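Okay, thanks for coming, everyone. Let me put the structure up and walk you through it.

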Amino acid sequence: MSQLKLQISNLEVKYGPFTALKEINMDVGHGELVVLLGANGAGKSTIFRAISGLNKPSNGDIRFLDKKVSGISPDKLVKLGIIQCPEGRSLFPEMSVYENLQMGGYVHRKNKAEIKKSTEHVYELFPILAEKKDNAAGSLSGGQQQMLAIGRALMAKPKLLLLDEPSLGLAPLIVKQMFEIIQQINQEGTTILLAEQNASAALKIADRGYVIENGRIVVKGTSSELFNNEEIRKAYIGA
Amino acid sequence: MAKLLSKRNGLIFVLVVALIMPFIVPNDYILHVLALVCIWSISVYGINIFTGYTGNLSLAHIGFFAIGAYTLGLLTVKAGWNFWLAFLAAGVLSIILGFLVGLISLRTNGHFFAIYTMCVGYIIYLIIDKWDSLTGGVRGLIGIPGPASIGPITFESLTSQYYLLLFFLILTIFITKRIVHSLLGRTFIAIRNSEELAQTIGISTKKNQLLAFVISCFFAAIAGALYASFVRFIGPEIGGIFLGFEMLIYLVIGGLGTLSGPIIGTLLIVFLTQSLQFMQEYKMLLFGPILLIIVIFYPNGIVGAIEGIKRKTRQKRKKSGPNKGYSGIEEVS
């Protein structure tokens with residue numbers, strides 16, 4: 001396997017007395033697209049929140065590019081290159097599409113040329129955003145909002161992109177497009193950790209996957225291993 | 001016609017009206033009230049930068065208004081400083097104290113932040129009220145000089161003072177506009193939207209909140225200093241929580257997080273208060289329900305309500321024919 005980008009060992013996160021995650025061991029290599037499968041409430045978002053620094057782990061270790069990052073504040077992690085695209089398309093609804101993208105490039109705000117280049121790149125990936133660049137983000141459709149959320153995350157030039165359920169609440173056709181674009185982003189060299197419930201779509205584009213249930217990793221393997229695993233087919237693919 | 005009513009022309013019209021006010025008002029009393037409106041507005045713009053744009057409620061604001069007023073008053077009356085030097089000192093002191101207070105109080109969040117800053121405001125009030133030997137306590141501070149002349153320009157007449165205050169108000173609005181329409185302004189709005197989301201795009205929320213807090217304290221202190229030099233007498237009640245809430249009401253009614261809200265709210269409520277003077281304390285019977293109605297039905301105040309109506313008509317027009325989509329941040333216009 002290629003050199004490790006993200007390494008999580010023995011991670012434990014508690015919400016008060018409730019243990020949300022226990023003994024999580026995961027890793028993501030350079031350039032990989034790794035999927036994290038699990039039902040609602042299994043702990044996917046909590047893992048993401050721990051990686052991006054929003055939740056402090058009560059135990060365990062998160063290392064990014066061989067540097068311990070657990071306990072570092074979220075805004076500093078963005079500077080290091082860990083960018084989270086949060087669940088539920090959290091945008092700045094009253095700002096325009098363009099302004100949302102500019103906010104995404106906040107950490108590179110001093111480098112105007114770079115920002116301009118990134119904006120062009122996002123417009124290439126999602127031409128609809130260029131078309132609607134002056135519209136308020138809140139006025140976009142669900143699919144467009146998700147594109148904008150991903151576009152905004154790309155503006156920060158992620159070394160590791162955390163995508164939290166990008167297919168949530170989208171029409172099947174849009175979901176297909178979305179996954180194609182995610183694959184394209186990955187092929188352009190961005191390492192991606194993807195949380196999904198839509199296992200069949202996610203496994204098609206992912207290199208490897210982890211399955212999380214009740215705050216623990218229960219199965220891990222390559223995409224084809226997971227795809228052919230009887231129990232996973234039953235639980236997450238439904239065929 | 002539409003061009004004639006454009007935003008730019010509207011602004012010029014308002015500016016011209018403000019400039020010729022001294023010549024069209026029937027008596028000095030109204031000009032006096034207008035001058036006070038300028039002062040309150042500057043302070044309300046300060047609240048707006050912090051509470052309106054970053055979304056945290058600070059109740060220490062009035063304390064900084066009092067700090068500005070007393071710094072100017074004490075330095076001119078007791079230390080015999082030059083007026084403008086004392087004015088500058090009031091601004092500088094508010095920045096230093098605002099930084100220190102913000103540094104500690106911003107460790108709390110939400111309601112706790114509001115309660116904490118209310119305590120800070122009350123402590124400032126208590127210090128002014130009880131430190132008799134310095135501040136004169138309840139007797140207050142009298143004989144504060146008016147603004148010193150700058151070269152050939154003097155500020156002895158009411159008209160000239162009005163122009164001076166108007167100048168500072170316009171400067172305040174200009175600075176606010178520059179901040180709000182910059183990346184810094186959008187950073188503040190991002191924090192108001194969601195602190196967590198702001199963090200996940202790399203914004204250091206505490207640093208930016210602190211900056212907004214300090215700017216807000218600075219505006220408060222400038223307004224306080226201008227107040228002291230205009231009224232020439234200050235007492236501890238200018239640091240009192242009632243005045244603080246009154247300014248907050250101006251802002252809420254005008255429109256939190258809007259550019260024109262502070263001045264519209266202040267102008268409206270101050271003149272309403274003046275014309276309801278005969279009702280004395282009972283005027284609150286009128287204000288209470290008005291405030292409630294606005295908070296419930298128009299949480300973005302008068303300006304927010306007008307913006308909402310504009311947006312709706314524009315959308316209707318958009319449906320009936322091709323039209324340019326709305327751009328930019330709606331709320332800050």
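Before the numbers, one term: I'll call a residue buried if 20 or more other C-beta atoms lie within 10 Å of its own. And keep in mind that what you're looking at is a predicted model.

So, chain A to begin with. By that cut-off, 48% of its 239 residues count as buried. Its secondary structure comes to ten helices and ten strands. The radius of gyration is 17 Å, close to the 18 Å that the globule rule gives for 239 residues, so chain A is as compact as a globular protein of that length.

Now, the inside. The largest nonpolar core has 155 residues, and among those with the most contacts inside it are A:Leu162, A:Leu194, B:Ile39 and B:Leu165. Which helix gives the most to this core? That's α10 of chain B, residues 205-231, with 17 residues.

Leaving out residues up to four places away in sequence, B:Leu165 touches B:Ala35, B:Cys38, B:Ile39, B:Leu226 and B:Phe230.

Last stop, where the chains meet. Chain A puts 23 residues into the contact and chain B puts in 21. On the chain B side, α8(B) has the largest share, five residues. By class, that side is eight nonpolar, nine polar and four charged residues.

Conventions: Residues numbered from 1 in each chain as written. Chains lettered and ligands numbered in written order. Predicted model: local features only at pLDDT ≥ 70, side-chain atom pairs only at ≥ 80, totals over all residues. Contact = placed C-beta atoms within 7 Å. Helix = DSSP H or I, 4+ residues; strand = E, 2+ residues; numbered from the N terminus. Nonpolar A, V, L, I, M, F, W, Y, C, P; charged D, E, K, R; others polar. Core = buried A, V, L, I, M, F, W, Y, C linked by C-beta atoms within 7 Å. Buried ≥ 20, exposed ≤ 12 C-beta atoms within 10 Å, placed from the backbone. Rg over C-alpha atoms; globule rule 2.2 N^0.38 Å.
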